Structure formats: C-alpha cells, structure tokens
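Please keep the structure at hand while reading.

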Amino acid sequence: MKYEIKGETLPVVICQLEAGEKMICEGGAMSWMSPNMKMETTTNGGIGKSIGRAFSGEKMFQNVYTAEGGPGMIAFASSFPGSIRAFEITPGNEIIFQKGAYLAGESGVTLSAHIKKKIGAGLFGGEGFIMQKTSGQGIVFAEFDGHIVEYELQAGQQMVIDTGHLAAMSSSCEIDVKTVSGAKNALFGGEGLFNTVLSGPGHVWLQTMPISNVAGALRPYLPTGN
C-alpha cells in the first residue's frame, strides 16, 4: 500500500492498493474510491471487540475495503480541520490515540480500547478513562485537532499539558494528573483544576486546537433556545 496525505487544515489521505490489499475504517470515513473497491461491513473480531471499539469512540461495525481484479484507490478525509498522521505499527510498537482519533488502517492493525490504570487520570485528565490502542502490523491513519507538535521523552522525563491537548503517545508512556497549585491559580487562572502529566520513555504527539476548545470559543456566539 502506498499513500499520500494532501491538504493542510482540511487534509485527506489517498491510498493506492495492490490487488487483494485491504483497508479498514469505520462507517462514513470513506470519501472517494475507484470502482473496483469492494466494501464489506463487519464486526471485525466479534461482538466483544466491537463493543470495546465503541467505548473508545468508534462505531461497533467497521467497513473493510478490498481492491478486486487489480490495483485500487481509496481516500479518507478528516472530519474536522486539523491533521492526518500515518503511524507504522509493529509488535512492541503500539500507539495510544485520543478517543475517536482512528481514521483508517491496514488489515493487519487491530484497534481496541485502552483503559487507564489510574482512576484520577481518567476522571480529571481530560482524555477520559478510555483511549484507543492500535497494535499488530501495518500502517494506521489518525486524525487530530489542529496542528501536531511532537516530543521524545526520555525515561523519567515528564511533561505537563493542558486538558485535551494529548493526541497520541507511545504505549510505553504513562499518564497521570496534577492538581494546579494554589487556590487563586486554580480558581482564577483559567486553566482549570487539573493538568495532564505524561512520563517517558516514549514519543508524544500534542494537538494545538482540541475540538473542545473550539466548542468553548464558539459557545458565546451561538443562539440560545427560548
């Protein structure tokens, strides 16, 4: 499979497949394709796995597209202004995504729910209890809000981030929460009561404009119901 990501704030990934190659996505992710791409809707692993995917922000059923009779083309567009990134998943190189980030992937990649071990991180970290874990072998595409900034954390190295800015991280990273110090800072600083703390070793991907921030910025301008 060969691919090309086009566009900046409204990107699309265009995949060129050899005969017999497959791509997996959730319903509605396909934007355009060649006529020889065959679609099959499936639970992709059974009801148990489909329920786990639903908890991680995806639909229970996935669509499998196969290039039949020769090379095929299929495109997946982002659902929100931001970025599409490609990740090469291999055994031992698993990536954890924010809830709902999965866009599409090769058939060798498995998507499952990733439940945080620490209750505090799930309650107050801003990313929720359940994130998305990709494992197996192949390339997966994820969509993020805004632009992406990357960091490589060494063992024991930490980074404090504001709620919602975590887009993805290596499975070797740990996530926790930190209370904002000082009552005045917490109440009037505008950053909330808690921050997310990431610990290495591993790679992290941070997004510049979480969709929750966009919603908050637009809320004062939206009409209110009577």
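Predicted model: local features only at pLDDT ≥ 70, side-chain atom pairs only at ≥ 80, totals over all residues.

Cys-25 is a buried residue, with a relative accessible area of 1%. Cys-173 is likewise buried, its relative accessible area being 6%.

The aromatic residues come next. The structure contains 5 aromatic pairs. One of them joins Tyr-3 and Phe-141 in an edge-to-face arrangement, with 5.0 Å from centre to centre and 75 degrees between the planes. This pair connects distant parts of the chain, since Tyr-3 lies in strand β1 (residues 2-6) and Phe-141 in strand β13 (residues 138-145), 138 residues apart. The two partners can also be described by their accessibility: Tyr-3 is partly exposed, with a relative accessible area of 37%, whereas Phe-141 is buried at 0%.

Phe-87 and Trp-205 form another edge-to-face pair, with 5.0 Å between centres and 75 degrees between planes. Here, too, distant parts of the chain are linked: Phe-87 is in strand β8 (residues 82-89) and Trp-205 in strand β19 (residues 202-207), 118 residues apart. Both Phe-87 and Trp-205 are buried. Together with Phe-97 and Phe-144, they make up one aromatic cluster.

Gln-98 is located in the loop between β9 (95-97) and β10 (102-106), and its relative accessibility of 13% places it among buried residues.

Strand β18 (residues 194-199) contains Thr-196, which counts as buried at 0% relative accessibility. The C-alpha atoms of Thr-196 and Asp-162 are 6.2 Å apart in space, although 34 residues separate the two in sequence.

The chain has an average pLDDT of 83, and 76% of its residues score at least 70. Confidence is highest in strand β2 (residues 12-17), at 98, and lowest in helix α3 (residues 183-188), where the mean is 43. Residues 119-127 have a pLDDT below 50, and this stretch makes 25 contacts in the model beyond near neighbours in sequence. Residues 182-190 also fall below 50, with 6 such contacts.

Conventions: Residues numbered from 1 in each chain as written. Heavy atoms only, no water. Buried < 20%, exposed > 50% of the residue type's maximum accessible area, 1.4 Å probe, protein only. Helix = DSSP H or I, 4+ residues; strand = E, 2+ residues; numbered from the N terminus. pLDDT = per-residue confidence, 0-100. Contact = heavy atoms within 4.5 Å. Phe/Tyr/Trp six-rings, centres within 6.5 Å; stacked < 30°, edge-to-face > 60°.
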